[in-house]
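Trainee: I have a model open on my screen and I'd like to learn how to read it. Could you walk me through it?

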Amino acid sequence: MEPKLTRRELAGALAGTALLQAQAPAPAEDETAAARTQIQNNAGQLDKVALPMATEPAFRFEA
Amino acid sequence: MKAIPDDLFFATIPEIHTRLIAKEFSARELARAFSDRLEKLGPRYNALSLSLRQSALRRAHDVDDDLKRDRTRGPLQGIPCGVKDLLSVAHQPTTWGAPPYAGQVFDFDATAVKKLDKANAVLVGKLAMVELAGGPSYGFASASLTGAGLNPWDRSRWSGGSSSGSGIAVAAGLVVFALGSETSGSILTPSAFCGVTGLRPTYGLVSRYGAMALSWTMDKIGPLARTAEDCGLVLQTISGGDGKDPGSAGKGFYYAPQYVKQTSEIVVGYSPADFSDVAEPAARPALQKAFEVIRSLGVKIVEVKLPDFPYGALAGTVISTEASSIFEPLIQSGKVDELVDKHQIAGLRAGLSIPANQYLKAMRIRSLVQTEFRKLFDGVDAILSPSRYGTAPKVSEPLGRPAASHNDSGEAPRGLTGLIPAGNLAGLPALSLPCGFAENLPVAISLCSRPYNENLLLRLGNEFQARTDWHRRRPPVAEA
């Protein structure tokens with residue numbers, strides 16, 4: 001015997017599925033979020049380095 | 001037309017040049033034989049981006065004309081070679097290994113290509129690479145227009161990247177030497193995984209004019225070849241100041257390892273942990289034997305520790321920021337989505353949001369890194385470490401994160417595992433030497449030194465290779 005659904009119940013079920021699909025992150029968004037997290041982790045590690053105020057950015061790369 | 005003997009495909013530059021001068025074969029015969037081999041075997045390993053057979057044969061014809069008149073032009077005269085497809089060759093496609101640039105053609109030669117041509121080397125092909133030289137990061141070996149670089153020692157394994165085709169082509173005897181590039185590991189890694197000798201020059205020693213930029217402050221161009229001597233001969237040819245490269249140091253390099261200090265006066269630093277518990281167990285026997293060979297040269301061995309910095313985070317910040325700025329038009333146009341690797345796409349997009357403060361902080365810490373390495377090299381002439389701590393991964397597996405000194409929680413490093421990003425941040429030269437096998441795959445050691453000390457590295461490399469024959473081993477598949 002097939003379960004009976006009213007039109008209202010069916011619409012609600014479909015809307016719920018659509019909502020879930022919309023909320024599920026696409027793979028590309030997962031990757032971008034992971035890349036952003038990595039950048040934040042990098043920033044956190046850089047923040048731990050004691051940096052004297054007089055230190056200028058590296059401009060030359062030789063002895 | 002003479003048949004070129006098989007052993008010649010694995011010979012060194014001086015060996016081939018001597019036989020060429022002796023007219024055992026012509027430059028045209030040599031160029032044809034290498035072109036045949038490159039076209040036949042290159043695609044088997046996804047190593048070939050573009051064959052340059054016709055222009056190579058024309059160049060070889062000119063070389064033969066010179067040789068008929070006994071005009072010799074130096075050690076690279078008539079030597080078949082390849083270049084990574086991030087270097088422009090006039091009027092030929094330069095793809096940077098990336099689908100969005102598949103149809104790109106420049107009307108000028110890169111300076112390094114021009115210098116090879118001036119030395120009468122014969123360019124037989126452009127070699128495959130990881131797209132955009134790896135960009136900020138990539139997750140899979142397949143991140144390339146030409147597919148995953150397949151290791152000549154085992155095609156189920158990766159060749160390493162991003163100079164994948166350069167490593168493969170030298171290992172499989174498809175070219176005598178190749179040019180690659182390194183921003184953070186892209187010469188040393190394929191050299192190690194493919195069992196060839198690779199030299200990352202000091203930053204600024206080789207012009208990058210006509211090369212794709214990934215990171216203005218970290219990109220370097222260098223040779224992958226059979227031996228340390230071959231690397232020295234190639235570096236001598238391609239080095240030198242170039243007003244067209246803002247990063248050029250304005251210095252040349254003359255290959256003269258005989259004039260560096262006596263081996264007994266050379267001090268080599270290392271970390272014992274690298275050779276015992278940090279390297280993968282299978283690789284340890286080969287690495288430990290290599291360490292003993294280095295010790296047997298008569299050098300003084302001392303223990304060293306890397307200056308304590310978060311090298312992975314530093315290199316990641318610098319490369320991501322610069323790469324995303326360089327490729328901003330690609331990102332903003334949406335064509336970035338045509339890239340093969342989703343990690344690369346995400347990394348480029350995310351890199352645009354790195355605050356200026358974070359980049360500047362990384363560059364300021366880089367100054368401290370340079371200062372600390374200067375101090376370290378007051379006490380040692382070279383630092384010895386495994387080139388990679390294990391063998392080539394399977395092509396089908398996701399790639400691990402690049403070697404970094406600290407993990408995300410900031411834990412202290414073990415051994416010298418951060419030396420690749422550290423050496424690249426400080427602009428230091430490094431030489432990778434094949435040193436044995438683990439599970440039938442190549443293992444390699446690296447020597448790193450202070451800026452412009454390539455001759456000392458090459459001296460140690462020559463002496464190591466005079467006592468070992470790992471650089472002479474041939475992959476079995478390539479001979480099938």
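Mentor: Let's start with the largest cavity, which has a volume of about 120 Å³. On a 1 Å grid over the protein atoms alone, a cavity is a set of points where a 1.4 Å probe fits but cannot get out, while a pocket is an open set with protein on both sides within 12 Å along at least five of seven lines; lining residues have an atom within 4 Å of a point. Grid points are joined across faces, edges and corners, and the volume is the space filled by probe spheres set on them. Before going on, note that this is a predicted model: local features need pLDDT of at least 70, side-chain atom pairs count only at pLDDT 80 or more, and totals for chains, interfaces and linings use all residues. Residues are numbered from 1 along each chain as its sequence is written, chains are lettered from A and ligands numbered from 1 in the order written, and side-chain values use heavy atoms, leaving out hydrogens and water.

Trainee: Which residues lie nearest the centre of the largest cavity?

Mentor: Look for S385(B), P386(B), S387(B), L419(B) and I420(B), out of 16 lining residues. The elements giving two or more residues to that lining are β11, α14 (419–425) and β13 of chain B, and α14(B) has the largest share with 3 residues. Those labels are DSSP runs numbered from the N terminus: helices are H or I with at least four residues, strands are E with at least two.

Trainee: How many nonpolar, polar and charged residues are in that lining?

Mentor: There are 9 nonpolar, 5 polar and 2 charged residues. Here Ala, Val, Leu, Ile, Met, Phe, Trp, Tyr, Cys and Pro count as nonpolar, Asp, Glu, Lys and Arg as charged, and the others, Gly among them, as polar.

Trainee: What is the order of the strands in the sheet?

Mentor: General idea first: strands of a sheet pair through backbone hydrogen bonds, either parallel or antiparallel. Two strands count as paired if DSSP finds at least two bridges between them. In chain B, an open sheet of 11 strands runs β1-β3-β2-β6-β8-β7-β12-β13-β11-β9-β10, with mixed pairing. Its edge strands, β1 (48–51) and β10 (300–303) of chain B, each pair on one side only. On average, neighbouring strands are turned by 30 degrees against each other, direction ignored. Axes for such angles are lines fitted to C-alpha atoms, for helices over the stretch in contact, and angles run from 0 to 180 degrees between N-to-C directions.

Trainee: Which helix packs on the sheet?

Mentor: Helix α15 (residues 454–467) of chain B does, touching β7, β9, β11, β12 and β13 of chain B, with its direction at about 25 degrees to that of β12(B). Contact means heavy atoms within 4.5 Å.

Trainee: Which way do β12 and β13 of chain B pair, parallel or antiparallel?

Mentor: Antiparallel, over 8 bridges. In that pair, L433(B) stands opposite I445(B) in β13(B). On to β7(B), which pairs with β12(B) in the antiparallel sense over 3 bridges; there L199(B) has L431(B) as its bridge partner.

Trainee: Are the residues of β7(B) buried or exposed?

Mentor: Both faces are covered: T197(B) and L199(B) on one side, G198(B) and R200(B) on the other, are all buried. Buried means under 20% relative accessible area, exposed over 50%, and partly exposed in between (1.4 Å probe, protein chains only). As for β8(B), 6 of its 6 residues are buried, so β8(B) is largely enclosed by the rest of the structure. The strand β8(B) runs antiparallel to β7(B), joined by 2 bridges, and pairs antiparallel with β6(B) over 5 bridges.

Trainee: Which residues have a positive phi?

Mentor: Most residues other than glycine have a negative phi, and most peptide bonds are trans. Among the exceptions, N120(B) has a positive phi of about 70 degrees, and N440(B) one of about 65 degrees.
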